Amino acid sequence: MTITTGAPPPTHNTPVALARGFLTGGVVGTSLAALVVGGIIENAPLFVTGLVLPAVYGLLLFLTGMPRRAREAAVVPRTALAVIESREAVGGETSEVPVRFELTVVPDDEPAYRVDITQDINLVDLRDYRPRGVVVVQYPPDRPWRVRIVKRPTPEWEDRAASAHLDSVPGTARVAAPPEGCAFGFVVLLGVLLGAAAVGLLFRADLFGRDDAATPPSAARPSVSSTSSTTVVSSASGTVALGPGQSFLDKGELDRALGSLTKGGDTRQALTVVVQERLLSVVFSPAGTQTPGFDPRALPYGRFPALVEEATTTLGVRSPRTWQITADCLTGSLIIRVVVTGVEGTASLEADGQGKVVRRAPAR
């Protein structure tokens with residue numbers, strides 16, 4: 001074995017090591033994103049996947065690494081003498097403290113080299129490891145930087161260590177573990193980012209749908225300058241449907257829609273008025289009957305956005321999906337009812353003819 005000075009060339013840049021690093025990063029990114037996204041969208045299977053995936057991957061790594069570990073364990077370690085250049089206790093609050101050693105290892109048939117190691121030493125035995133003292137060490141032939149001090153050598157090696165006088169070697173003959181290299185760190189980071197992005201893309205509909213639903217409709221859809229709608233009027237009813245990107249909670253939209261239903265000075269009374277996000281429906285009282293009705297133009301349309309916002313934010317529906325406003329006077333007085341539905345259930349509130357809330361029914 002030839003001992004070279006400086007750091008050995010990176011071994012983590014082999015295709016197999018890079019692929020393993022990319023896969024590890026992917027598992028880390030996927031599991032973290034699954035935990036976060038699963039918690040946000042309340043998806044229990046996804047959240048459990050984020051917990052189980054690292055465990056399964058760790059088990060697979062353990063199983064696939066068994067042959068390599070068996071080969072390494074079968075290698076007979078090489079024994080040599082070493083001289084302690086320096087020592088330093090680096091911590092520990094028990095009887096075994098980690099000690100950093102700088103050693104000059106002197107194999108019998110190979111060049112000597114320097115190496116830095118950290119090994120746990122009992123406090124009672126620490127006085128036996130003084131600088132310039134000679135110790136017996138072992139290391140794998142193919143990994144000379146993995147040196148371990150033999151605490152109880154055989155009598156033969158113990159006698160050799162007691163009578164040996166070893167010279168130090170220059171610091172340029174230092175041997176260390178191969179660095180991972182920039183490529184390995186890059187593929188691990190790339191795997192983390194791609195794994196997290198994959199989870200976000202797969203569940204983007206749930207994520208963005210939740211954000212849109214949690215925002216009050218009046219704030220989620222800004223008013224638009226160009227409008228498009230479809231109006232259908234008959235003797236018994238009238239409907240107005242808005243185009244995409246519009247809402248009846250936009251300023252002035254209800255007034256324009258009602259004007260299209262009552263143009264020409266039509267003063268018919270309405271039995272019910274129903275307002276949804278993009279649909280307005282009015283059922284008129286039949287001519288010549290005494291059914292209770294009201295003037296649809298007298299409704300407090302300016303209060304509708306505030307009523308919807310209150311219903312979607314204060315009644316326990318954290319993820320509103322649909323809302324509907326219904327106005328009628330079937331009980332004798334005009335009642336405006338706002339109903340909101342979501343994953344938490346259905347909630348509603350009622351207001352009088354001036355838009356003042358008179359009753360609330362939280363989600364159930």
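**Grounds for the terms**

Modeller: Let us begin with a pocket: the residues lining the second largest pocket divide into ten nonpolar, two polar and five charged. Please bear in mind that this is a predicted model.

Colleague: What makes a residue part of the lining of the second largest pocket, and which residues lie nearest its centre?

Modeller: A lining residue has an atom within 4 Å of a point of the pocket. For the second largest pocket, 17 residues line it, and D128, Y129, V134, V135 and K151 lie nearest its centre. Two or more lining residues come from each of β3 (113-122), β4 (134-139) and α4 (155-163). The volume of this pocket is about 380 Å³.

Colleague: Why is E350 called buried?

Modeller: Buried means under 20% relative accessible area. E350 has a relative accessible area of 13%, and is therefore buried. This residue is found in strand β12. Leaving aside residues up to four places away in sequence, E350 touches I335, I336, R337, K356, V357, V358 and R359. Across the chain, buried residues make up 36% of the 364 residues.

Colleague: How do you know that β11 and β12 pair?

Modeller: Pairing requires at least two bridges between the strands. Seven bridges join β11 (residues 335-342) to β12 (residues 345-351), so the two strands pair, and they run antiparallel. I336 stands opposite A351 in β12.

Colleague: Which sheet contains these strands, and why are β6 and β13 called its edges?

Modeller: The sheet is open, with eight strands in the order β6-β7-β9-β8-β10-β11-β12-β13 and antiparallel pairing. Each of β6 (229-233) and β13 (357-361) has a single partner strand, so one side of each is left without a neighbour in the sheet. From one strand to the next, the twist averages 10°.

Colleague: What makes you say that helices pack on this sheet?

Modeller: The grounds are contacts, meaning heavy atoms within 4.5 Å. Helix α8 (residues 253-261) touches β6, β7 (237-242), β8 (270-275) and β9 (279-284), and its direction makes about 140° with that of β7. Helix α9 (residues 304-314) touches β8, β10 (320-328), β11, β12 and β13; here the direction makes about 40° with that of β11.

Colleague: What is the order of the five-strand sheet, and what makes β3 and β5 its edge strands?

Modeller: This open sheet has the order β3-β2-β1-β4-β5, with antiparallel pairing. β3 and β5 (148-149) each pair on one side only, and are accordingly the edge strands. Within the sheet, β1 (residues 78-89) is joined to β2 (residues 96-106) by eight bridges, the strands running antiparallel. V83 stands opposite T104 in β2. Helix α4 packs on this sheet, touching β1 and β4, and its direction makes about 55° with that of β1.

Methods: Residues numbered from 1 in each chain as written. Predicted model: local features only at pLDDT ≥ 70, side-chain atom pairs only at ≥ 80, totals over all residues. Heavy atoms only, no water. Helix = DSSP H or I, 4+ residues; strand = E, 2+ residues; numbered from the N terminus. Axes fitted to C-alpha atoms, helices over the stretch in contact; angles between N-to-C directions. 1 Å grid on protein atoms, 1.4 Å probe; cavity = no way out; pocket = protein on both sides within 12 Å on 5 of 7 lines; lining within 4 Å. Points joined across faces, edges and corners; volume = space filled by probe spheres on them. Nonpolar A, V, L, I, M, F, W, Y, C, P; charged D, E, K, R; others polar. Buried < 20%, exposed > 50% of the residue type's maximum accessible area, 1.4 Å probe, protein only.
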